[in-house]
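Visitor: I'd like to go through this one with you piece by piece. Could you put it up first?

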Amino acid sequence: MSHIPLLVIVGSGPGVSAGIAKKFGSNGFRVVLISRTKSSLERSLEDLRKIPIESHGISADASEPDSLKAAFKQIKDNYGATDVLVYNAAHIVPGDPLSLTEQQLIEDFKVNTVGALTSAQQVIPDMVERKQGTLFFTGGGIALTPNPLYASLSIGKAAIRSLALSIAETLSPYGIYVGQVLIDDHVRKGTYYDPDRIADVYWELYNKKDQKEYLFKEEL
């Protein structure tokens with residue numbers, strides 16, 4: 001029996017992750033979505049099943065390592081090893097460096113960066129063993145040019161960029177591809193930053209595996 005590849009998306013919702021799930025699902029992938037809110041998960045799965053794409057959902061909290069670990073164990077037990085992981089979770093809280101509290105920064109960082117490390121570590125051993133696999137991290141242009149009105153997210157995106165580049169370097173001897181797409185503005189349907197356009201970039205990177213990072217930015 002031929003292997004049907006498995007895509008796992010952490011931080012599922014109506015934007016980028018929905019676009020990626022549709023794109024990969026329409027190209028023969030099974031899809032597992034991980035989200036904290038059950039209602040959002042159900043809506044996303046409903047949309048995918050209409051297409052129809054084989055899709056499953058698991059509730060987990062990206063800020064809680066144990067919650068993520070349990071979700072990934074469930075995925076492996078029920079659906080097998082992950083072929084492509086997309087970490088798309090983010091805690092987007094406005095606030096400049098003067099109003100940002102220490103506690104808020106720590107809470108945001110758990111989702112914006114730490115969850116990415118936990119998620120990656122759950123799937124990497126299988127990928128190393130098979131000498132294949134893909135890890136994607138959804139980044140932001142603010143990793144390169146911080147937005148002081150979103151100080152916490154700017155820090156988180158700079159950190160996840162650094163983490164992704166470190167993981168890419170570490171895993172390159174094993175034939176595992178690690179990429180990130182740095183989205184430079186708000187994702188909105190019908191604009192340059194349409195989730196389906198962004199999903200096309202993920203699909204292209206997945207197939208070419210030639211860039212560690214891609215800045216998705218409208219040239220004005």
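Visitor: Is K209 buried, exposed or partly exposed?
Guide: K209 has a relative accessible area of 38%, so it counts as partly exposed (under 20% is buried, over 50% exposed and partly exposed in between, with a 1.4 Å probe and protein chains only). Please keep in mind that this is a predicted model, in which local features need pLDDT of at least 70 and side-chain atom pairs 80 or more, while totals for chains, interfaces and linings use all residues. Residues are numbered from 1 along each chain as its sequence is written, and side-chain values use heavy atoms, without hydrogens or water.

Visitor: What about its backbone, so what is phi of K209?
Guide: Phi of K209 is near 50°, which is a positive value in a residue other than glycine. As for its place, K209 sits in the loop that runs between α6 (195–208) and β7 (213–216), where helices (H or I, at least four residues) and strands (E, at least two) are DSSP runs numbered from the N terminus.

Visitor: And K131, what is its phi?
Guide: K131, again a residue other than glycine, has a positive phi, near 55°. K131 is found in the loop between α4 (102–130) and β5 (134–140), and because its relative accessibility is 54%, K131 counts as exposed.

Visitor: Switching to prolines, which peptide bond is cis?
Guide: The bond from I51 to P52 is cis, and its omega is near -5°. P52 belongs to the loop between α2 (38–50) and β3 (55–59).

Visitor: OK, pockets next. How much space lies in the largest pocket?
Guide: The largest pocket holds about 1,100 Å³, a volume filled by probe spheres set on grid points joined across faces, edges and corners. A pocket here is an open set of points on a 1 Å grid where a 1.4 Å probe fits, with protein on both sides within 12 Å along at least five of seven lines, and lining residues have an atom within 4 Å of a point.

Visitor: Which residues lie nearest its centre?
Guide: In the largest pocket, those nearest the centre are N88, A89, A90, H91 and I92, out of 39 lining residues. The elements that give two or more residues to this lining are α1 (16–25), β2 (30–35), α4, β5 and α5 (151–171), and β5 gives the largest share, with three residues.

Visitor: How big is the second largest pocket?
Guide: About 250 Å³ of space lies in the second largest pocket. Its lining is made of 19 residues, with G13, P14, A18, S44 and D47 the closest to its centre, and at least two lining residues come from each of α1, α2 and α6.

Visitor: α1 turned up there, so how many of its residues are buried?
Guide: Seven of the 10 residues of α1 are buried, so the helix is mostly covered. The buried residues of α1 are V16, S17, G19, I20, A21, F24 and G25.

Visitor: Last topic: at what angle do α4 and α5 cross?
Guide: Their axes cross at roughly 15° and come within 9 Å, where axes are lines fitted to C-alpha atoms over the stretch in contact and angles run from 0 to 180 degrees between N-to-C directions. That makes α4 and α5 roughly parallel to each other, a label used for angles under 35 degrees.

Visitor: And α3 against α4, what is the angle there?
Guide: α3, which covers residues 65–79, packs against α4 at an angle of about 30°, and the axes are 9 Å apart. α3 and α4 are therefore roughly parallel to each other.

Conventions:
Parallel < 35°, antiparallel > 145°, perpendicular 65-115°, else oblique.
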